[in-house]
Amino acid sequence: MREGEKMEPASDSNLSVPPRGARRASQLYLFSLPMEGEKMEESRETVPQVWKGVSEKEWNDWRWQLRHRITTLEQLKEIIDLTTEEIEGIKHSKGRLALAVTPYFTSLMDPTNPNCPIRRQAIPRIEEIHLSKSEMVDPLGEDKHAPVPGLVHRYPDRVLLLVTDQCAVYCRYCTRRRLVGSSERSITQGNFEEVLKYLKNHRKVRDVLLSGGDPLLLENERLEEILSRLRALPHIEILRIGTRVPVTLPQRITGGLVRMLKKYHPLMISIHFTHPKEITDQVRRACGELADGGFPLGSQTVLLKGINDKPYIMKKLVQELLKIRVRPYYIYQCDLVMGTEHFRTSVATGIQIMGKLRGYTTGYAVPTYVVDAPGGGGKIPLQPDYVVSRGKGKIVLRNYEGRIFEYPEPNILEFKKKRPMGEEKAIPKKVTA
Ligand code: SF4
């Protein structure tokens with residue numbers, strides 16, 4: 001694509017596709033400006049040699065991308081200079097979390113740098129076989145809150161519905177690694193009927209979050225059946241979809257999908273972003289289509305050691321997200337999932353990053369940093385301590401630069417005492433039309 005040219009939206013028939021070689025040129029230097037003296041990874045969609053003969057139409061067809069996912073060591077070796085740690089990791093991933101990466105996401109990897117953030121997220125490493133004592137199979141205690149298979153009901157007014165166990169790419173730090181990728185199937189009709197029956201009997205539930213796996217990997221017809229039947233329940237006010245597809249398989253965001261989803265507003269979409277390198281022209285287009293469809297877009301980011309645990313990377317990510325109309329929503333402390341200790345940072349690192357965002361960039365770009373309480377206690381927000389002390393009649397606060405300010409609290413008791421006698425009577429208790 002030439003500079004200034006507009007990328008055509010993908011369509012279900014994939015008839016309009018951008019010229020691939022030119023597109024790469026426009027993406028080459030997206031993040032070439034280093035920040036705070038650090039080198040920022042460049043965003044680059046470089047089609048590896050093995051797919052050079054693939055037509056534009058195929059490359060932009062999400063089903064082609066899914067069919068051609070990299071799932072074996074042999075396939076990956078042809079594209080990436082694998083390290084011993086990665087080779088051993090892939091060998092040991094059998095029977096654990098499967099390896100699967102779309103050709104598109106593979107094309108963002110640096111084939112010679114094992115610390116490439118895209119590569120670190122998707123290629124297993126030998127560290128995964130190390131299990132620490134604190135890790136759990138089901139770190140958020142979802143299974144014990146599942147009244148019906150596929151439905152997690154932990155909070156009074158909302159539920160989580162796991163509609164498939166398939167993802168376009170399996171993230172090595174996935175909280176649901178106990179479930180995802182095992183059969184690559186969607187929820188059975190029988191289980192879905194059970195879910196509907198349960199929801200009909202629980203009228204306090206007003207919000208359903210579709211997740212998995214990735215709900216956007218379902219065919220439009222199946223996804224529409226699920227959405228329409230949920231929407232038909234009068235007490236379900238809000239539908240939400242949690243997805244990583246706009247990042248790992250942006251070709252899936254087609255006009256047909258958006259038109260179908262638009263029928264089920266209010267529908268919110270939470271997108272799992274991890275690193276600024278993920279924001280390519282393809283992703284911009286996908287998020288633009290979703291934003292134009294009227295879906296409020298939020299991002300959820302897992303804090304990952306060696307991937308995004310530096311303030312300048314997180315700042316770049318949240319700023320780039322706002323530019324594509326995605327509101328940074330949560331930064332998650334990495335859950336205590338089996339085999340993921342090498343991804344975990346200290347909580348202090350997360351708090352420090354928040355301290356470098358608040359005040360230093362647009363408030364809209366500042367997400368909430370949360371620890372999802374181990375065992376199922378829900379999200380606990382954390383931030384730097386801005387309260388220096390609480391005294392009688394005042395609170396002492398610190399701003400983002402460390403400057404100290406006093407805020408006098410209103411003295412309600414004093415105020416009441418000073419009120420002239422009989423004033424209460426003069427204020428009408430009830431105003432009637
Ligand atoms: S996309 Fe989400 S559910 Fe799928 S592997 Fe990644 S983190 Fe897990």
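This is a predicted model: local features need pLDDT of at least 70, side-chain atom pairs count only at pLDDT 80 or more; totals for chains, interfaces and linings use all residues.
Helices (H or I, at least four residues) and strands (E, at least two) are DSSP runs, numbered from the N terminus.

Residues are numbered from 1 along each chain as its sequence is written, and side-chain values use heavy atoms, with hydrogens and water left out.

**Ligand and largest pocket**

- The ligand sits in the largest pocket; a molecule sits in a cavity or pocket if more than half of its atoms lie within 2 Å of its grid points.
- A pocket is defined on a 1 Å grid over the protein atoms alone as an open set of points with protein on both sides within 12 Å along at least five of seven lines, whereas a cavity is a set of points where a 1.4 Å probe fits but cannot get out; lining residues have an atom within 4 Å of a point.
- The volume of the largest pocket is about 1,000 Å³, a volume being the space filled by probe spheres set on grid points that are joined across faces, edges and corners.
- The largest pocket is lined by 41 residues, and Arg176, Leu209, Ser211, Gln300 and Tyr332 are the closest to its centre.
- By residue class, the lining of the largest pocket comprises 21 nonpolar, 10 polar and 10 charged residues.
- At least two lining residues come from each of strand 1 (151-155), strand 2 (158-162), strand 3 (207-211), strand 4 (238-243), strand 5 (267-272), strand 6 (297-302) and strand 7 (327-332).

**Second largest pocket**

- The second largest pocket holds about 370 Å³ of space.
- Its lining has 24 residues, with Pro149, Gly150, Leu162, Asp165 and Leu179 nearest its centre.
- Nine nonpolar, nine polar and six charged residues make up the lining of the second largest pocket.

- Strand 1 and strand 2 pair in the antiparallel sense over three bridges; two strands pair if DSSP finds at least two bridges between them.
- A hairpin of two residues connects strand 1 to strand 2, and Val152 faces Leu160 in strand 2.
- Strand 2 also pairs with strand 3, in the parallel sense and over five bridges; Leu162 has Ser211 of strand 3 as its bridge partner.
- Strand 2 is largely enclosed by the rest of the structure, because four of its five residues are buried, that is, under 20% relative accessible area, with exposed meaning over 50% and partly exposed in between (1.4 Å probe, protein chains only).
- Strand 3 and strand 4 run parallel and are joined by four bridges, and Asp207 stands opposite Ile238 in strand 4.
- In a regular strand the side chains alternate between the two faces of the sheet.
- In strand 4, Ile238, Arg240 and Gly242 point one way and Leu239, Ile241 and Thr243 the other way, and all are buried.

**Backbone geometry**

- Most residues other than glycine have a negative phi, and most peptide bonds are trans.
- Glu184, in the loop between strand 2 and helix 8 (189-200), has a positive phi of about 50 degrees although it is not a glycine; its relative accessibility of 31% makes Glu184 partly exposed.
- Arg325, in the loop between helix 13 (311-323) and strand 7, has a positive phi of about 65 degrees and is likewise not a glycine; at 45% relative accessibility, Arg325 is partly exposed.

**Contacts across the sequence**

- Phe343, in the loop between strand 7 and helix 14 (347-357), counts as buried because its relative accessibility is 1%.
- Phe343 and Arg120 are 223 residues apart in sequence, with 9.5 Å between their C-alpha atoms.

Definitions and conventions: Ala, Val, Leu, Ile, Met, Phe, Trp, Tyr, Cys and Pro count as nonpolar, Asp, Glu, Lys and Arg as charged, and the others, Gly among them, as polar.
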